[in-house]
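Tutor: Let us work through this by question and answer. Keep the model in view.
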Amino acid sequence: AGAGEGGEGSQGLSNYGLSLQLPLLKLQSDSTDASAPSHVDDLSVLNVRDLQRQARLGLAWQKAVSVGRPQLLSLNLRRCCLRGAPVGALVESLRGCGALHSLLLDGCGAGDAAAALGELLRASRSLTKLGLGDSGFRGEGLALLAQGLSYNRSLTELDLSRNKRLGGDYDPHAHAEVGIPELAHALLRNQTLSSLSLASCGLGLLPNVPSPSEADLSLAAEAGAVAAAAAEALAAAREIESKGASAKGGKAKGALDLPALIAASAAAAAAAAVARQRAGAPQLTCALLGSALASNQRSALSSLDLACNPLGLPNLLALAQALPAALSLRVLLLRGSAGLEAINELARAVAKQGLIVLCDLHVGNPHDASLAPRPDTDKLDTDKLNTQKADTERADTGGAD
């Protein structure tokens, strides 16, 4: 299968089947423009003929991988334009590759195969590197992937950078960005992952978070009062039974029905928890991730890349609060994510943690419109950068912080 398609732009294929790299797809258009690209990254520009060739190519490589499963060590599918069913079928076929240690899906539609990738992580005992940059992942896909990561004991490097729609979607039931609670749970359990990149994923910006209604707030208050009353009644009943049993030298006769009171108290507490959740405030992304790292004393995560995300001050302060207890971290990248108002707090947290050797707090955000190239002059507007640099210098020389 590889030899049949290899002449159409193959980037490299080992003769021994140990390391495979999927060939790029060429455009099959009627255009005679010599400047037309030889391959594409955007599926939308592929015509029907290209889509059919893509499906054939993906399924052909699925068969090729199935034949060479025991020998396959690495597979590179970067920028191969695969989407949908071909990606899922190919990933499914990798579950039997017991020696596979590197899988690179950057630039492909790996987000369409999130469930299959999660199962691959759950089953694999050899995979150490997984590249999913710019692969169409969203929060729902992140949740599926994180479920597999929770059970994985081999992966050391995970790249999810440049998935610009991964963040920004709010889950009203979890009160957090979609997929982040699952990722935090995975980081709480995982003991092998050493590098995680979430750069340029749109994390932290939640413009459409609904405020709790008055009815939800009232219900939460009522449920809390009921739970408190049930707990008091249970405590009083236990005290009465204890006194009665002590006075008679044994179990008191005609004692209150403690099992029923215990069940009522538990039910009231559960109802109060549900009501509080409905009326609760959003959980900050950095608070969830930082808490997981701080709580996992066996975490191996030494490098965390959160660069170029609109985290905002609350997220950064939450990260600074959790950072001193995240003793596994050695590299923290926040370029373009940390504003001047958070730098002092982050610097204090880094100093208190004492083990970080690289912390990038550059405040210039490449997504800032003022720093984008101008159409007329094709030059950068550096005024804002200079202002930020001067402000940073003044902040550094203004005090001990």
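Student: Which residues in α9 do I180, P181, L183, A184, L187 and L188 in α6 meet?
Tutor: This is a predicted model: local features need pLDDT of at least 70, side-chain atom pairs 80 or more, while totals for chains, interfaces and linings use all residues. Numbering runs from 1 along each chain as its sequence is written, and side-chain values use heavy atoms, without hydrogens and water. Contact means heavy atoms within 4.5 Å. The partners in α9 are T285, L288, L289, A292, L293 and S295.

Student: How are α6 and α9 oriented to each other?
Tutor: Helix α6 spans residues 180–189 and helix α9 residues 285–295 (helices are DSSP runs of H or I, at least four residues). Their axes, lines fitted to C-alpha atoms over the stretch in contact, are 8 Å apart, at about 10°. Angles under 35 degrees count as roughly parallel. The two helices are therefore roughly parallel.

Student: Which residues of α5 make the contact with α4?
Tutor: Helix α4 (residues 114–123) and helix α5 (residues 139–149) have axes that come within 7 Å and cross at roughly 10°. They are therefore roughly parallel. From α4 come A114, A115, L117, G118, L121 and R122, and from α5 come G141, L144, L145, Q147, G148 and L149.

Student: How many charged residues does the contact of α4 with α5 hold?
Tutor: R122 of α4 takes part. Besides seven nonpolar and four polar residues, the charged count is one.

Student: How many charged residues are in the contact of α10 with α11?
Tutor: Helix α10 (residues 312–322) and helix α11 (residues 340–353) pack at about 10°, axes 9 Å apart. L313, L316, L317, L319 and A320 of α10 touch E341, A342, E345, L346 and A349 of α11. Eight are nonpolar, none polar, and the charged number two.

Technical notes. Axes fitted to C-alpha atoms, helices over the stretch in contact; angles between N-to-C directions. Nonpolar A, V, L, I, M, F, W, Y, C, P; charged D, E, K, R; others polar. Parallel < 35°, antiparallel > 145°, perpendicular 65-115°, else oblique.
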